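Visitor: I have a structure to look at and have not seen it before. Can you walk me through it?
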Amino acid sequence: MNRHIILTNGRSGSNYLVTLLNSHPQITNYGEVLGDWTLPYKLNSRIRFGSSLFNNYRDYLNYIYNSKLFFYSSQIYSMYSRMKRKERINFKTYTQIKNIGIKDFSINFKRRNIADYLINQTDILVINLYRDNSLKRLISLAAMQTTGVVALKKNHKSQKLHLPTEKILNQLEVFEQEKDEQFEMIESLPESRVMNISYESYFIDSHQQDNINQQILDFLGVDALAINSKHQKILSSSLSNILENYDEVCKVLLKTKYEKYLEN
């Protein structure tokens, strides 16, 4: 069984990509597992399936990657969730899966003191998904906090946002640091194990997405199939159309190193 991870940080398109990969019959991606808010992490914090199995985060991740029990538990949970939403059930068997993975934030690896996990797990392929424009990442976070929507369904109509400017420079600095740390995690890995994908290049247009999708499937070693996600970008237009206080944001960022993230 081959293994992979979508290494990313928040508001970088990872929910879209997880949904996309899970539409392939030979791939399962469990999503986030290291965050305090995730169901696997909550269960791990409350239930011990052995005296030492979950004593550290490395064992915890290895269990998730290799356990048939976890696989079928996730399939049953997914089936139940889809039934409640009246969606098509997509139950998979362990024998049909060729690549199994997770997606998680590089900051979570740092918080759990396992930033070297991917170095030691030499068989895990890494899809390094990042968002170059930290300003749009910040705005996407603000949109999620305002609407409570993590990933939009198709045909959703958005409204303009007001982005508070008091802390914008500090917030952008944090996002830039997270991006640097994300790349630090993979800099020691061989190129054959890493596929770098920027949010900006991936979402240029549908033709570009299709091309990159097929590159991803080839990278993961599964059959080339047409795959689609039900999610779409939460920000789908220019900054001037997204922000009601666009001029105010421009004034704050002009003549700073973040000016490059503004649109003309």
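Visitor: How much of the chain is buried?
Guide: Of the 264 residues in the protein chain, 48% are buried, meaning under 20% relative accessible area with a 1.4 Å probe, protein chains only. This is a predicted model, in which local features need pLDDT of at least 70 and side-chain atom pairs count only at pLDDT 80 or more, while totals for chains, interfaces and linings use all residues. Residues are numbered from 1 along each chain as its sequence is written, and side-chain values use heavy atoms, with hydrogens and water left out.

Visitor: How many helices and strands?
Guide: The protein chain has 12 helices and 7 strands. These are DSSP runs numbered from the N terminus: H or I over at least four residues for helices, E over at least two for strands.

Visitor: What order do the strands of the open sheet take?
Guide: The order is β2-β3-β1-β4-β6, 5 strands with parallel pairing. Two strands pair if DSSP finds at least two bridges between them.

Visitor: Which strands stand at the edges?
Guide: β2 (27–29) and β6 (194–198) do; each has a single partner strand, so one side of each has no neighbour in the sheet. On average, neighbouring strands of this sheet are turned by 20° against each other, direction ignored.

Visitor: And how many bridges join β4 to β6?
Guide: There are 5 bridges between β6 and β4 (residues 124–130), and the two run parallel. Asn 128 stands opposite Asn 196 in β6.

Visitor: Switching topic. Which residues touch the most other members in the largest nonpolar core?
Guide: Leu 61, Phe 109 and Leu 118, out of 27 residues. Such a core is a set of buried Ala, Val, Leu, Ile, Met, Phe, Trp, Tyr and Cys residues joined through side-chain atoms within 4.5 Å.

Visitor: Which element gives the most to this core?
Guide: α3 does, with 5 residues.

Visitor: What does Phe 109 touch?
Guide: Leaving out residues up to four places away in sequence, its contacts include Ile 5, Leu 34, Leu 61 and Met 185. Contact means heavy atoms within 4.5 Å. Apart from this core lies another, of 22 residues, among them Leu 20 and Ile 197.

Visitor: Last one: at what angle do α1 and α10 pack?
Guide: About 65°, with the axes of α1 and α10 (residues 206–220) 12 Å apart. Axes are lines fitted to C-alpha atoms, for helices over the stretch in contact, and angles run from 0 to 180 degrees between N-to-C directions. Tyr 16 and Leu 20 are among the α1 residues making the contact, and Asn 213 and Ile 216 among those of α10.

How values were computed: Buried means under 20% relative accessible area, exposed over 50%, partly exposed in between (1.4 Å probe, protein chains only).
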